[in-house]
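The model is shown first, and my notes follow.

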Amino acid sequence: MTAHKAQALPSIPRTETPLLKLLWRVYGYLRPYWKQTLIAYASLFAILGLNTMIPQFLGWIIDTGVKGNQPQVLTWSVLVLLGLTVLKGVLNYYQGTMSEVASQNVAFDLRNEIQKKLTSLSFSFHDQSEAGELLSRAVQDVERIRFLTGRATVRILEGALLLVVTAIVMLVMDYRLALLVLATMPLLVYRALYFGSRFRPLSQLVQKQLAVLTTAVEQNLRGTREVKAYVQEDAEIERFGRENARWFDLSARSAQMQAVNLPLLFLIANLGYVAIILYGGRQVVQGQITIGEIIAFITYVGQLIEPVRRLGMIIPAVAIAGSAAERIFDILDTVSEVRDEPGAVSIGQIQGRVEFEHVSFSYGRKKVLNDINFRVEAGQTIALLGSTGSGKSTIISLVPRFYDPSEGRVLVDGTDVRKVTLHSLRSQIGIVMQDTTLFAGTIRENITFGNEQASEEEIIRAARAAQAHEFIIQSAQGYDTRVGERGVTLSGGQRQRLAIARALLMDPRILILDDATASVDAETEHLIQLAFQNLVRGRTTFVIAHRLSTVRNADQIIVMDKGRIQAMGTHETLLTSSRLYVEIYNRQLKRQETTA
Amino acid sequence: MSFSIGGITSGMGPRDALDRYGSANREDTAKFNPRVIRRLLAYLRPHGWKMAVAFVLTLGESGLTLLAPYLTKVAIDQYIEPGDMDGLWRIALVLTVAFVALFAVSAGQRYLLSWVGQNVLAKLREDLFRHLQRLHLGYHDRHIVGVTVSRVMNDVAEINELLSQGVITLIGDVIVLVGIIIIMLTMSPRLALLTFIVLPLVFLATWIFSHHARSAFRETRSKIAAVVGDLAEDISGMRAIQAFAQEKASQERFERVNLENREAYIKAMSLSFIFLPTIEILGMVATAIVLWFGGRYVIGGTVTIGVMVAFLSYVTRFFQPILEVSRLFTTFQSAMAGGEQVVRLLDTPLEITDAPGAVEMPPAAGRVEFDHVVFRYNPDAPIVINDVSFVIQPGQTVALVGPTGAGKTSIANLVTRFYDIQSGSIRIDDMDIRGVTLDSLRRQVCVVSQEPFLFSRSIEENILYGKPDATREEVEEAARQANAHDFIMAYPDGYETRIQEGGVNLSVGQRQLISIARAILTKPRILILDEATANIDTVTEVYIQQALEHLLQGRTAIVIAHRLSTVRNADWIYVLDHGSIVEQGSHGDLIDRGGLYSQLYARQFSSSN
């Protein structure tokens, strides 16, 4: 491992102050669980009371029972002491469990809310977000909120109260001795806070670097073929070594900080301890206080260290939870660009006529579609041709209203798609693309996705028409074979046929189709083509066309170029009217024909 | 903007998420395995003296920790009660020195241990990574990426905790415990023995707790993994969910796993909330014993009040080491489980390495010869290539055709020596590829695959991948020849555009164009092309065809053809079926022969028209 220069490391950013507003909103999630929260905090106060009483009582027992030679006092007071401890144990249990229940519920509600929000957000949101990022918000950030609403708040309250109460009790007992002890407090608090503010950002850097390392390993493994084929093993090792060395440097720095922290806190507290023995001892010698009081004081000093240390660690965690909350609320506050308008009604049973009226669509600042006009009659097939980025995909995404046009209207059966409910519209549009998502579950569940009430016969009929029945019944458990995660892996061609079966079962009036076949052998390709033919029959079909047969059979062909319709017509008319079409035809489509 | 219904839009699928957020299926308990321990301890060897110092410091820390209550006892009994102020000053000084020493010793010990631990961790990770680079492709085929990542990242961290902190903490804790017991026995054997009555109860409680807690916390790990898995699936399949209007169903499903997760956590946490108060109560029982009996002894004059106070203090220190040791036991178990996996990975033999005496392969003319090649992926798998022989002359383009599973891709994998053959030989320019170094072989053979992998680095870095020292001009020239320059320049950041994980900000076609540019830059002598034209829109396909023509010029090329349309340009066609060459010849010859080729051809014709 190569050594890495310290100055190459980024400077540690300071933790930002938590936004009170965010915290207010976060604590609002505890409202439905006010009963549990109340019990938890009531128990907490009782525990604190006991914590202050017990050392007092201990000192009293020693002074009265032991030094005062009263064995009978000793007997009952020890029993009372035990009783108090048992009570404290019970209260501790309630405090812990109740605040855990409340905070787990907050996490539960937040996760549900996030998931629900994600399902309602439009495609443009999902285009721009990364799955890993969303997951980390729903999992890690929510965990941080859970920690804040649960243990963190309890600890902060507990620590603060314990400090105050202990200080008061000591002052009442003997203010001089108390001041002596409390003199160490500002030092303790300062040190704990200082550590917290320095350590948290550093540990975040360590975590981040760890994520960098993880990604490095993952990327390397996924690209293992490329690494080997291009003989880049040594370069990869060096690259990893660099990140690894950086991680080590950061961790060593954090280790150094941590190593000093706790011993230093103890040292400060212990010096207070020495002062008590010294000064308190003199008081005893002078007969001003008793030995029992000194012992009680010593116990209090011991009690002070823990809350101070915890506060030092937890207060920065509040800031971190604050930024976690910000990321979560970011999602929750995103308004879906595509949603049912007030008063949207069901579109009813559609015929399948689709019109685009002066439709333009911008993505960011980029105009992806520019004044698109066309009309497809019910049952017609319309083929879209054009290069990547020419706007074909956008046109077909506007029909099921995955996006809303920036200008113009999309009409289905003469109704603007923005005036009807999303559910009624989308449930009548079937989509079969190259990449088909299969969900973890059985083949049957994947075919009935969207049609849970379909009968066995209907399912098999759809699978047969999709040319999928044969390979399904050859699988180990037939239609009950599990696919996806922890199930069998299906080939691209098989997935595509399942998607066709799914669409057939749905029996949509409008169909959106990509006629490319995933890399499959000729036999499979033949089957998929048959399935496509079964699917298209009698439906309004938008097809992103890759093959001549599709283009030839289409009622209309739209040739797209840079967001505009470059030409529109049938195969024959376009051959004479569109140069772009002729070019595509000659270079690509015709070649298939002449070879095949 | 790319539109795709379904289509995993990020590199992260549910399975990866599962692997990343918790290996739910991992065995948490493992048996003690001396070989694994020895192997891992070897990593501590270079840090021998640091460990020795840390050990001495630990002893010092334990000793000083025990000293403080004793000094307090002395202070009370010998100076405060008799009223000896000078003595009190002296003892206070001694205490101060002891506390400062304690600070130095424990800070030093902590720092040394974590430094060593992290150093070992970094070294282990580097060794694992290095080893993974040298492992043959067959290993990577059989192992899920997420699991291997978790070996390198998580398992290693668990071992570290045991190696560095664990061993020494354990020793320290045991010393403290024994020390306390000895001191208490010396000060007052009777009181000590009475106090020890609670010990068996503490051990019992700890044992019962750790037994239940382990399974409860394992349950929480698998439940949170389920939450992550379900959500990851929702996100990657969001387009399908919305397209089929399945939002409600997916919300209900998620709420179910989310609920199970909540319940599992509350259950596991409740266990802790029973355990900790229980230990506290037992601690108070010990205190009560000291007070009740000790108090009587003080009254009776058999022990001093200082002894009793010291006892009270030792009793509270008793429980920390016991809790620590029980926690360590759990750490030990998971570290053993992790350690076994790590050692197994480190010890996985390298199957494909340079033979002894392997020579550098000189720049090849490009003659490729298969001589009675027999190949299977592993000993119990069926034969994939069965006695295949052919010769490709320098500069020729040869097409491999055949149904899925015929062995086309395997042939490509063999030329680059990703796998070794069982019998026969593969020669390039009359040199057996097993007789030359892997690096020199692979520098001359380039594979352009159907689904190229791009790293999440800049476009330029990706093109530079095989030739990191190329200039910007060379990169742009390669991109131009690959028809990629224009679309790259359309991005605001041009060649510096960062490719997102899984290449999602590029279309499939664009990814292929970049991979072609990457191949062009390395100027390979031999090219293997897994026909890359299946999923592309027609116009991009034209671009790719042009780019490939550039790439093929003057090079020996093996094209794995999925579509017969691309076969026509080949100089020679081999038709494979069940691992053997069944036909060969030019397109025309093969059509006339009326064999498998003509059947495949007829199929394609009927579906294409």
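I began with the interface: 132 residues of chain A are in contact with 140 residues of chain B, where contact requires C-beta atoms, placed from the backbone, within 7 Å. On the side of chain A that touches chain B, helix 9 (residues 233-285) of chain A gives the most, with 28 residues. I took helices (H or I, at least four residues) and strands (E, at least two) as DSSP runs numbered from the N terminus. By class, that side of chain A holds 62 nonpolar, 47 polar and 23 charged residues; Ala, Val, Leu, Ile, Met, Phe, Trp, Tyr, Cys and Pro count as nonpolar, Asp, Glu, Lys and Arg as charged, and the others, Gly among them, as polar.

I noted the provenance: this is a predicted model, in which local features need pLDDT of at least 70 and side-chain atom pairs pLDDT 80 or more, while totals for chains, interfaces and linings use all residues. Residues are numbered from 1 along each chain as its sequence is written, and chains are lettered from A and ligands numbered from 1 in the order written.

I then looked up the fold of chain A, which has 20 helices and 12 strands. Its radius of gyration (over C-alpha atoms) is 36 Å, well over the 25 Å that the globule rule gives for 596 residues, so chain A is more spread out than a compact globule; the rule is 2.2 Å times the number of residues to the power 0.38. The C-alpha trace of chain A spans about 115 × 55 × 50 Å along its principal axes.

Terms used. Contact = placed C-beta atoms within 7 Å.
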